[in-house]
Amino acid sequence: NNDQNSEIEINKIVGIEPGSGTMKIAQETVDAYNLDVELTPSSEPAMLTELKNALENEEPIVVTLWQPHWMFSEYDLKFLEDPKETLGASENIHTMVRHGLKDEKPSAYQLLDNFYWEVEDMNAVMAKFGQNDEVEPRDAAKEWIADNRDKVEPWIEGIEQVNGETVELAYVNWDTELSSTNVVALVLEELGYEVTLTPLDMGIAFQSLSQGEVDGMLIAWLPVGAASYAEQYKDKIVDLGPSLEGAQQGFVVPAYMDIDSIEDLPT
Ligand code: PBE
């Protein structure tokens with residue numbers, strides 16, 4: 001390897017959970033740019049630990065990361081440019097429910113359909129628990145709801161209360177999804193539901209929803225991140241559209257690194 005980028009000491013990209021949308025598009029990106037790097041599977045917490053260690057020592061590192069994410073307010077990080085847009089340009093997070101939910105649990109369906117918030121809202125919830133192990137996501141969500149009744153009221157306006165019916169939401173154990181899912185769960189509880197939150201791998205969550213084993217989920221980043229799953233299950237689940245617009249996935253590096261584009265990585 002004697003191209004102009006060979007001096008960059010990067011031979012791997014630190015990824016997250018195998019089977020995530022992120023890992024699928026990250027591998028497609030490695031292939032599309034013909035990168036001579038290994039995409040290593042990990043988990044969001046382990047990836048963040050590795051990133052923090054590199055930042056402390058001012059070492060080079062490339063990770064898969066996304067916005068909204070609280071890491072960007074704690075550290076000076078940058079997205080590498082992605083001229084082929086294989087990691088997506090601007091992503092929306094879609095709410096999906098099982099077929100039949102609208103008729104069987106209309107109040108839950110209506111709330112899930114109405115739920116919509118902004119990048120700054122998700123960031124505000126995440127910031128409360130992301131860097132603080134002593135704060136549970138549910139408590140962070142509770143606090144945000146109490147402070148933002150003006151945003152929550154329009155979601156529930158006109159929806160009929162229920163009495164102890166159950167709702168089960170699948171989620172993946174990522175801080176973004178913990179934020180949205182806990183907020184929605186608490187509002188469903190306000191409507192009178194007993195809510196179960198079930199952590200699953202992304203592929204299993206899609207499968208469970210398609211089989212009607214769970215009622216809904218808030219985990220699908222589209223049009224790019226979760227595209228392969230959304231395509232696979234498109235006839236078997238109901239897509240209610242975005243709950244959040246303007247998210248972004250990418251390859252992210254510390255700002256002190258002297259590269260700006262995925263094309264600057266070793267090939
Ligand atoms: N993520 C976090 C997920 C969604 C949110 C970007 C890692 C994924 O699509 O894989």
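The buried residues of helix H7 pack against H6 and H9, where contact means that the C-beta atoms of two residues, placed from the backbone, lie within 7 Å. Helices (H or I, at least four residues) and strands (E, at least two) are DSSP runs, numbered from the N terminus. This is a predicted model, in which local features need pLDDT of at least 70 and side-chain atom pairs count only at pLDDT 80 or more, while totals for chains, interfaces and linings use all residues. Residues are numbered from 1 along each chain as its sequence is written.

In H7 the buried residues are Pro 137, Ala 140, Ala 141 and Trp 144. They cover an arc of only 100 degrees around the axis, which puts them on the same side of H7; the arc is that of the directions from the helix axis to the C-beta atoms. An α-helix has 3.6 residues a turn, so residues three or four places apart point the same way. A residue is called buried if 20 or more other C-beta atoms lie within 10 Å of its own, exposed if 12 or fewer, and partly exposed in between, with C-beta atoms placed from the backbone.

In helix H6 (residues 119-129), the buried residues are Met 122, Val 125, Met 126, Ala 127, Lys 128 and Phe 129. The cover over the buried residues of H6 includes helix H3 (71-74), helix H7 (137-147), helix H9 (175-190) and strand E9 (237-254).

How is the chain divided? There are two parts, domain 1 (12-89 + 249-264) and domain 2 (91-245), with bounds that come from an automatic or database domain assignment. The C-alpha centres of domain 1 and domain 2 lie 26 Å apart, and 15 residues of domain 1 are in contact with 20 residues of domain 2. On the side of domain 1 that touches domain 2, the elements that give two or more residues are H1 and H3, and the largest share, four residues, comes from H1. By class, the residues of this side of domain 1 divide into four nonpolar, seven polar and four charged, where Ala, Val, Leu, Ile, Met, Phe, Trp, Tyr, Cys and Pro count as nonpolar, Asp, Glu, Lys and Arg as charged, and the others, Gly among them, as polar.

The largest nonpolar core has 72 residues, and those with the most contacts inside it are Val 63, Leu 169, Val 184, Leu 188 and Met 217. Domain 1 and domain 2 both give residues to this core, so it lies between them. Such a core is a set of buried Ala, Val, Leu, Ile, Met, Phe, Trp, Tyr and Cys residues joined through C-beta atoms within 7 Å. Leaving aside its neighbours within four places in sequence, Leu 188 is in contact with Ala 108, Leu 111, Val 167, Tyr 193 and Val 195.

The ligand, too, involves both domains, since its shell draws at least three residues from each of domain 1 and domain 2. The residues around the ligand are Ile 16, Ser 20, Gly 21, Thr 22, Trp 66, Trp 174, Thr 176, Glu 177, Trp 221, Gly 225, Ala 226 and Gln 249, a residue being near a molecule if its C-beta atom, placed from the backbone, lies within 6 Å of it. The elements that give two or more residues to this shell are helix H1 (21-32) and H9. By class, the shell around the ligand has five nonpolar, six polar and one charged residues.

Ile 262 lies in the segment after E9, and with 23 C-beta neighbours inside 10 Å it counts as buried. Not counting residues up to four places away in sequence, Ile 262 touches Thr 29, Tyr 33, Leu 80, Glu 81, Asp 82 and Phe 251.

Several details of the backbone remain. The peptide bond from Gln 67 to Pro 68 is cis, with omega near 5 degrees, and Pro 68 is placed in the loop between strand E3 (63-67) and H3. The peptide bond from Leu 222 to Pro 223 is also cis, with omega near 15 degrees, and Pro 223 lies in the loop between strand E8 (216-222) and helix H11 (227-232). Glu 58, although not a glycine, has a positive phi of about 50 degrees; Glu 58 is found in the loop between helix H2 (44-56) and E3, and with 9 C-beta neighbours inside 10 Å it counts as exposed.
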